[in-house]
Amino acid sequence: MISSLHGSVLSTGADNVVIEVGGVGFFVFVPADVAHGARVGEQLRLHTSLIVREDALTLFGFAEAVELEVFSLLLSVTGVGPKSALGVLGHLTVDQIAAAVSDDDDAPFRRVSGIGPKTAKLIVVQLAGKLHAPSKAATGRGAGDAAAVIGQVTAALVGLGWSEKIAAEAAAETAEAASEADRASVTSLMRQALAALGPAKGGAARG
């Protein structure tokens with residue numbers, strides 16, 4: 001069982017990377033944000049799952065161990081295969097998945113390519129109680145206002161073609177580095193998030 005890989009990136013694709021470990025290149029399917037952020041020649045560590053089929057051995061890799069855990073949980077859902085599970089984790093963060101399941105909201109899953117209404121509902125039903133949703137308690141008005149701005153920027157980035165996962169991470173990271181005034185302005189935060197993502201990257205993150 002190959003549980004992790006750490007090596008140099010040889011190549012990248014829309015949903016995959018090739019990592020050289022000990023002179024051997026491993027082809028690994030990864031979420032869009034991992035493929036998007038990987039750079040040829042740089043080191044990359046992935047938590048991996050080896051899926052064994054009669055005609056193939058396929059590796060799936062994730063930047064965080066918790067993503068691998070959620071990947072395994074998604075595979076336990078009727079009708080969800082490895083590519084569909086990867087699609088969910090490429091489109092939504094672990095917190096977004098947990099929140100949707102906790103809220104009995106299958107809409108986020110229906111927006112993932114390859115996930116139909118029936119399967120989306122099954123994800124919510126069969127994962128109920130198996131994921132810990134992030135706390136909804138507000139830490140103060142300022143925190144609530146900032147979260148609202150981040151949410152609006154995330155939605156705008158999704159509208160421009162980025163996945164919800166990449167959009168949410170970009171908005172949150174930009175807000176963390178921004179000044180207090182910029183964190184309160186959707187326009188300012190949006191401008192900075194777009195600058196960080198780069199104008200040519202939206203299309204690659206579509207899906």
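1. First, the ground rules. This is a predicted model, in which local features need pLDDT of at least 70, side-chain atom pairs count only at pLDDT 80 or more, and totals for chains, interfaces and linings use all residues. Residues are numbered from 1 along each chain as its sequence is written, and side-chain values use heavy atoms, with hydrogens and water left out.

2. The count comes to five salt bridges (a side-chain nitrogen of Lys or Arg within 4 Å of a carboxyl oxygen of Asp or Glu). Asp33, Glu67 and Lys165 are joined in a network of such bridges.

3. Have a look at lysine 121 and aspartate 104, whose closest N and O atoms are 3.3 Å apart in a salt bridge.

4. Next comes arginine 111, which forms a salt bridge with glutamate 164, with 3.0 Å between the closest N and O atoms. Here too distant parts of the chain are linked, 53 residues apart: arginine 111 is in the loop between helix 5 and helix 6, and glutamate 164 is in helix 8 (residues 164-177). Arginine 111 is partly exposed at 47%.

5. Finally, aspartate 106 and arginine 110 form a salt bridge, their closest N and O atoms 3.2 Å apart. Aspartate 106 is buried at 15%, while arginine 110 is partly exposed at 42%.

Terms used. Buried means under 20% relative accessible area, exposed over 50%, partly exposed in between (1.4 Å probe, protein chains only). Helices (H or I, at least four residues) and strands (E, at least two) are DSSP runs, numbered from the N terminus.
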